[in-house]
Amino acid sequence: MQSYVRSTSVGSRVIAGETLIVPVRGGVGDLASIYSLNEVGSSIWTAIAQPCSQEEIVERIEQEFAGERRQVEPDVNAFLAEMESAGLVEAVGVLA
């Protein structure tokens with residue numbers, strides 16, 4: 001299963017309970033591209049502070065939000081794909 005971690009080219013802060021992510025380009029925050037995460041997205045963001053597999057993330061969201069795997073798994077996969085496409089997370093390999 002694929003493992004993910006936050007990109008080193010972003011900064012993030014929690015402000016008033018909301019996670020904000022700012023891409024950094026050329027040493028400067030790109031304020032035109034600020035991302036705001038909801039509670040579930042924030043939980044995923046916290047999980048990927050260190051490399052974390054998709055399976056571990058799905059299990060975390062299932063437990064934390066009392067979700068069902070058939071709903072949680074595609075949502076987590078879509079979130080990670082979107083974040084990777086935006087350059088906010090990096091795939092770091094396949095876990096055995």
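Colleague: What should I know about the model before reading numbers off the structure?
Modeller: The model is predicted, with local features needing pLDDT of at least 70, side-chain atom pairs counting only at pLDDT 80 or more, and totals for chains, interfaces and linings using all residues. Residues are numbered from 1 along each chain as its sequence is written, and side-chain values use heavy atoms, with hydrogens and water left out.

Colleague: How many helices and strands does the chain have?
Modeller: Three helices and seven strands. Helices (H or I, at least four residues) and strands (E, at least two) are DSSP runs, numbered from the N terminus. Along the sequence the pattern reads β-β-β-β-β-α-β-α-α-β.

Colleague: What share of the residues is buried?
Modeller: 33% of the 96 residues. Buried means under 20% relative accessible area, exposed over 50%, and partly exposed in between, with a 1.4 Å probe and protein chains only.

Colleague: And what part of the contacts comes from residues 24 or more positions apart?
Modeller: Such pairs make up 53% of the contacts in the chain with a separation of 6 or more. Contact means heavy atoms within 4.5 Å.

Colleague: On to the helices. How is a packed pair described?
Modeller: By the angle between the two axes and the distance between them. Here the axes are lines fitted to C-alpha atoms, for helices over the stretch in contact, and angles run from 0 to 180 degrees between N-to-C directions.

Colleague: At what angle do H1 and H2 cross?
Modeller: Roughly 135 degrees, with the axes of H1 (residues 39–47) and H2 (residues 54–65) coming within 10 Å. That makes H1 oblique to H2. Angles under 35 degrees count as roughly parallel, over 145 as roughly antiparallel, 65 to 115 as roughly perpendicular and the rest as oblique.

Colleague: Which hand is the crossing of H1 and H2?
Modeller: Right-handed. A crossing is right-handed if the near helix is turned clockwise from the far one by less than a right angle, and left-handed if anticlockwise.

Colleague: Which residues of H1 and H2 meet?
Modeller: From H1, Glu39, Val40, Ser43, Ile44, Thr46 and Ala47; from H2, Ile57, Arg60, Ile61, Glu64 and Phe65. By class, this contact has six nonpolar, two polar and three charged residues. Ala, Val, Leu, Ile, Met, Phe, Trp, Tyr, Cys and Pro count as nonpolar, Asp, Glu, Lys and Arg as charged, and the others, Gly among them, as polar.

Colleague: How do H1 and H3 cross?
Modeller: The axes of H1 and H3 (residues 69–85) come within 11 Å and cross at roughly 70 degrees. H1 and H3 are therefore roughly perpendicular to each other. This crossing is right-handed. Gly41, Ile44 and Trp45 of H1 make the contact with Val76, Phe79, Leu80 and Met83 of H3. The residues of the contact divide into six nonpolar, one polar and no charged.

Colleague: Which residues of H1 are buried?
Modeller: Gly41, Ser42, Ser43, Ile44, Trp45 and Ala47.

Colleague: What caps the N-terminal end of H1?
Modeller: Asparagine 38, through a side-chain oxygen 3.1 Å from the backbone nitrogen of valine 40.

Colleague: Back to H2. Is glutamine 54 buried or exposed?
Modeller: Glutamine 54 sits in H2 and is buried, at 14% relative accessible area. Leaving out residues up to four places away in sequence, glutamine 54 touches Met1, Gln2, Tyr4, Asn77 and Leu80.

Colleague: Now backbone angles. What is the phi of alanine 16?
Modeller: Positive, about 50 degrees, although alanine 16 is not a glycine. Alanine 16 lies in the loop between E2 and E3 (18–25) and is exposed, with a relative accessible area of 84%. Alanine 66 likewise has a positive phi of about 50 degrees. Alanine 66 is in the loop between H2 and H3, exposed at 70%.

Colleague: Where is threonine 8?
Modeller: In the loop between E1 (2–6) and E2 (10–15). Threonine 8 is exposed, with a relative accessible area of 76%. Threonine 8 and glycine 87 are 79 residues apart in sequence and 9.6 Å apart in space, C-alpha to C-alpha.

Colleague: Last one: what does arginine 13 touch?
Modeller: Glu18, Thr19 and Leu20, not counting residues up to four places away in sequence. Arginine 13 is in E2 and counts as exposed at 59% relative accessibility.

Technical notes. A polar contact is a pair of N or O atoms within 3.5 Å; within protein, one must be able to donate a hydrogen and the other to accept it, and residues adjacent in sequence count only if both atoms are side-chain atoms.
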